[in-house]
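Hi,

Here is the structure we talked about. Have a look at it, then read my notes below.

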Amino acid sequence: MWGPDIEVFGINVFIFALGIFLAFIAGAVASGSGIGGGGFYIPIFVLIMGLNPHVAVPLSKITILGISIGSFTVLSTARHPTEGVNRPLIDYPTASVMQPTSLMGAVIGVVLNVITPAYLLIIFLTLVLAYTGYSTFSKGLERYRKENAEIQKQQAIIALQNDEEKLLSSEPEDDSQPLVRQVTYSSLEGKAFGGLNLNINEGDSLPNSPILSVDDTFAPEEPSPALTAILRSEAKTFPTLYIGIMVLTWVGMFLILIGREFYSIPLIRDSDWVHQHLSFLQCGSAAYWILFGVIYIYFGVILLFLCSRLMSLYKTKLRVNYPFAKGDVKWTFGKICKITVFSTIAGVLSAYLGIGGGMINGPVMLGMDILPQVAVATSSFMILWTASTSVLQYALIGKIEWTTGGVFFLVGMCAAIVGQWGLARIIRKVKRQSYISFILAALIIVSTVTMVIVGVWEIILKARNHETSDVGILDKICGKD
């Protein structure tokens, strides 16, 4: 029914074109919301294109890698949305703290995943993502109301300034009056504008007026050398320290995956020398668990160094009167503990439920009152590292079909560029960060539905085929199922 019997990479050409179109739309929307979009691609590949889940999962990973690279291409040069703040849009310090803790939690999530029945996973998936979507929507609604109040305040100030200018223009010029003048309004006492009571009483000055009580001889205080150094460091487009932390974290994650897939990698599996000299490193061996523990300590050392530096930097900022922007993370000990706990839980849940970290990390950052546009950019940056590791893992064990994968990699990359460009354009036009939260909440709910459908479908197929697994828990952890 799909027309001429023409195939592309073994797939009907019309189905393949439909898959590309749907993946592009999903990628554009997902990238603009700071998630990978795996909850959309797997249903597209399995239910629409008819691919086997074992093919669809690696294909979704390489699509997500394309999206993360495309997003970073746009976001890497974007600047913070707050006027007067000269630093990247991506919150590199927060990403550097959340990434190691998310990975540490993900390892626990993998263990929990393999010992939990499939039907329980679907129940937990529904509950967790439904709550995440609800909390994200609630956070967006809270920010939307604040934006309304801010808009009303600005409109009231403009109205007062217009009244002030009319009053001054009606006054006769008097050269004996000083240049600096205090303007008062007895007629505006307690007056409300747009439902917002500014509490303007007799004798009060109007707020934020360019012609009120201005001393022409006043000059702003020059920033101290310490503050200047901090501002100059934060203005860098690519902060080497935080990117270096991400690289070191990526290396540790890669070593864990190499051990996990030791005998699944063709070059290792077919090498007699490796079997003779390095077999002790295979997943499940005593040496593997020792290496595993060492890497955990390695992550802990990275995290300890980074957090101590951020706390010290925060104290310095307080001392030099650093101009904090709205949504900035205050790196106190309590805040660091909160971030590490929540990002570890996010890592556990993402690995346990088999979902992308963006669906958890994005809402976590919104819960920390980070600006939605910054949270989306930071989440997208974190996905770049996890997606690249996943693709490398599947590539080493020969699970990626590179022809089809290459097409969807490019689709994902182009979709992300369009999605990020479109999001930035919308935010500039409507000037409402809350819309990002609403879009993210909607995507989480839709993704929940699609992933539950795929999960139930797989359970039904296994039941029909009477499939059972005699693989042990350790073998599942080591990827031998």
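A quick term to start: a residue is buried when its relative accessible area is under 20%, exposed when that area is over 50%, and partly exposed in between (1.4 Å probe, protein chains only). Keep in mind that this is a predicted model, where local features need pLDDT of at least 70 and side-chain atom pairs count only at pLDDT 80 or more, while totals for chains, interfaces and linings use all residues. Residues are numbered from 1 along each chain as its sequence is written, and side-chain values use heavy atoms, with hydrogens and water left out.

Cysteines next. Cys-307 is buried, at 9% relative accessibility, whereas Cys-337 is partly exposed at 31%. How many disulfides (pairs of cysteine sulfur atoms within 2.5 Å) does the structure hold? There are 0. For Cys-307, the closest cysteine sulfur belongs to Cys-337 and sits 8.4 Å away, so it is too far for a bond.

Now the second largest pocket. A pocket is an open set of points on a 1 Å grid over the protein atoms alone, where a 1.4 Å probe fits, with protein on both sides within 12 Å along at least five of seven lines; lining residues have an atom within 4 Å of a point. Its lining has 18 residues, with Glu-147, Glu-150, Lys-326, Lys-431 and Gln-433 nearest the centre. Two helices (DSSP runs of H or I, at least four residues) give two or more residues each: H5 (118-170) and H14 (402-430). H5 gives the most, with 6.

Cheers

Key. Disulfide = S-S within 2.5 Å.
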